[in-house]
Amino acid sequence: MKLFYSRNPNPRLAVAVARHLAAAVDFEWASPFAPGQSERFRPLNPNLSIPILIDRGKSLWEADAIACRLARAAGSDFWRAGDDEPDMIRWISWGKENFVRACDIVHFERGTKQRYALGPIDDAQVKCGLDRFDTAAAILEAELSARRWLLGDAISYADFRMATFLPFNDVAGLPLERYPFVRRWYRRLEKLDAWRDPFAGLDAPELPPLPR
Ligand SMILES: N[C@@H](CCC(=O)N[C@@H](CS)C(=O)NCC(=O)O)C(=O)O
């Protein structure tokens with residue numbers, strides 16, 4: 001298997017999953033939106049985005065699908081099968097519509113847009129993202145006050161997915177400090193090498209710097 005990745009949030013998530021599972025994948029850094037790259041990558045993903053997993057001659061895109069595939073290959077319940085699966089899917093689905101989405105909106109304005117010169121920060125969008133963050137974080141705070149991980153005592157892909165944008169919070173500046181149980185959960189996640197430093201030993205060029 002081969003995983004195309006970059007240091008951006010969703011590819012980072014996929015690399016962290018592969019590292020956490022000690023998956024037998026070759027990692028290849030990619031930049032499909034760079035000039036001259038679309039011919040190579042469009043046949044692999046019509047959206048041109050990464051992560052992309054090449055598996056048995058086929059291309060699989062979307063970080064969640066890749067996580068599912070890698071967990072199956074590893075025989076791991078990191079992607080739950082059985083009675084816990086609906087609960088895990090609930091958190092992935094809710095997260096992407098709510099907590100992860102809120103983080104994404106703010107990070108896009110303050111991070112991605114600035115790194116790639118896509119325009120000035122839209123303050124209305126930042127406010128919308130921060131409002132959505134507060135609503136979603138309050139729900140997570142209540143849930144995580146009672147347990148270690150989203151699914152109880154053992155980590156699952158739902159925890160990784162929920163945290164997709166938090167490694168970028170030095171740039172996004174989301175007010176995580178208002179939510180001590182969410183912070184406690186995230187600190188736990190940061191103790192995992194695979195999450196804290198998924199690119200260790202990989203040829204992974206840094207993201208373009210933020211303008212001063
Ligand atoms: N829904 C997709 C989103 C993929 C996506 O948006 N990827 C972005 C990074 S977060 C990308 O390809 N950026 C170009 C790059 O990193 O070079 C997923 O979950 O995998």
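The C-alpha centres of domain 1 and domain 2 sit 21 Å apart. Keep in mind that this is a predicted model. Domain 1 covers residues 2-78 of the protein chain, and domain 2 covers 85-195.

**Where the domains touch**

- On each side, twelve residues are involved: twelve from domain 1 are in contact with twelve from domain 2.
- Two helices, H1 (9-20) and H3 (63-74), each give at least two residues to the side of domain 1 that touches domain 2.
- H1 has the largest share of that side of domain 1, with eight residues.

**H6 against H9**

- Helix H6 spans residues 123-144 and helix H9 spans 180-190; their axes come within 7 Å and cross at roughly 70 degrees.
- Crossing angles from 65 to 115 degrees count as roughly perpendicular, so H6 is roughly perpendicular to H9.
- From H6, the residues at the meeting point are Ala137, Leu140, Glu141 and Leu144.
- Their partners in H9 are Phe181, Val182 and Trp185.
- Sorted by type, the residues of the H6 contact with H9 come out as six nonpolar, no polar and one charged.

How values were computed
Residues are numbered from 1 along each chain as its sequence is written. This is a predicted model: local features need pLDDT of at least 70, side-chain atom pairs count only at pLDDT 80 or more; totals for chains, interfaces and linings use all residues. Axes are lines fitted to C-alpha atoms, for helices over the stretch in contact, and angles run from 0 to 180 degrees between N-to-C directions. Helices (H or I, at least four residues) and strands (E, at least two) are DSSP runs, numbered from the N terminus. Angles under 35 degrees count as roughly parallel, over 145 as roughly antiparallel, 65 to 115 as roughly perpendicular and the rest as oblique. Two residues are in contact if their C-beta atoms, placed from the backbone, lie within 7 Å. Ala, Val, Leu, Ile, Met, Phe, Trp, Tyr, Cys and Pro count as nonpolar, Asp, Glu, Lys and Arg as charged, and the others, Gly among them, as polar. Domain bounds come from an automatic or database domain assignment.
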